[in-house]
Amino acid sequence: MGLNMQGRHAGGFASSQPEDVFLSWLLAQPGGADLAEAAEIEIRKLQRYQGNHPGPQKLLELFEGLRGSAVPGLTILPRQ
């Protein structure tokens with residue numbers, strides 16, 4: 001599940017703090033998702049950002065922290 005900010009307005013998701021975006025992403029991961037692998041996908045997307053807004057850089061740091069601390073194969077438990 002990736003980040004999708006299309007169709008969002010200035011008062012919505014796109015203007016959220018990076019920590020809020022990260023937490024929303026984390027909570028939206030499906031059961032069985034490999035967190036390190038999912039974080040890597042988001043890191044690749046964020047590395048393409050060419051702007052100078054600090055939000056995407058902070059979000060990148062959060063995803064890199066998750067990737068660096070996740071045990072290989074760490075998954076979200078399926079919801080019951």
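Let us start with E42, which counts as buried at 2% relative accessibility. Here buried means under 20% relative accessible area, exposed means over 50%, and partly exposed lies in between (1.4 Å probe, protein chains only). The model is predicted, so local features need pLDDT of at least 70 and side-chain atom pairs count only at pLDDT 80 or more, while totals for chains, interfaces and linings use all residues. Residues are numbered from 1 along each chain as its sequence is written, and side-chain values use heavy atoms, with hydrogens and water left out.

What does E42 pair with? E42 forms a salt bridge with K45, and their closest N and O atoms are 3.5 Å apart. A salt bridge is a side-chain nitrogen of Lys or Arg within 4 Å of a carboxyl oxygen of Asp or Glu. Side chains of opposite charge can pair when their charged atoms come close. K45 and E42 are three residues apart in helix 2, so about one helical turn separates them. Helices are DSSP runs (H or I, at least four residues), numbered from the N terminus.

By the salt-bridge rule, the count comes to three. Now look at E40, which is linked with R44 and R67 in a network of salt bridges. In one of these pairs, the side chains of R44 and E40 meet at 3.7 Å, N to O. Because R44 and E40 are four residues apart in helix 2, about one helical turn lies between them. E40 also meets R67, at 2.7 Å, N to O. Since E40 lies in helix 2 and R67 in helix 3, this pair ties together parts that are 27 residues apart in sequence.

Next comes the nonpolar core. This term stands for a set of buried Ala, Val, Leu, Ile, Met, Phe, Trp, Tyr and Cys residues joined through side-chain atoms within 4.5 Å. In soluble globular proteins, nonpolar side chains tend to be buried together. The largest core here has 12 residues, including V21, W25, I43 and F63. Helix 1 (18–28), helix 2 (35–47) and helix 3 (54–69) are the elements that give two or more residues to this core. Which helix gives the largest share? Helix 2 does, with five residues.
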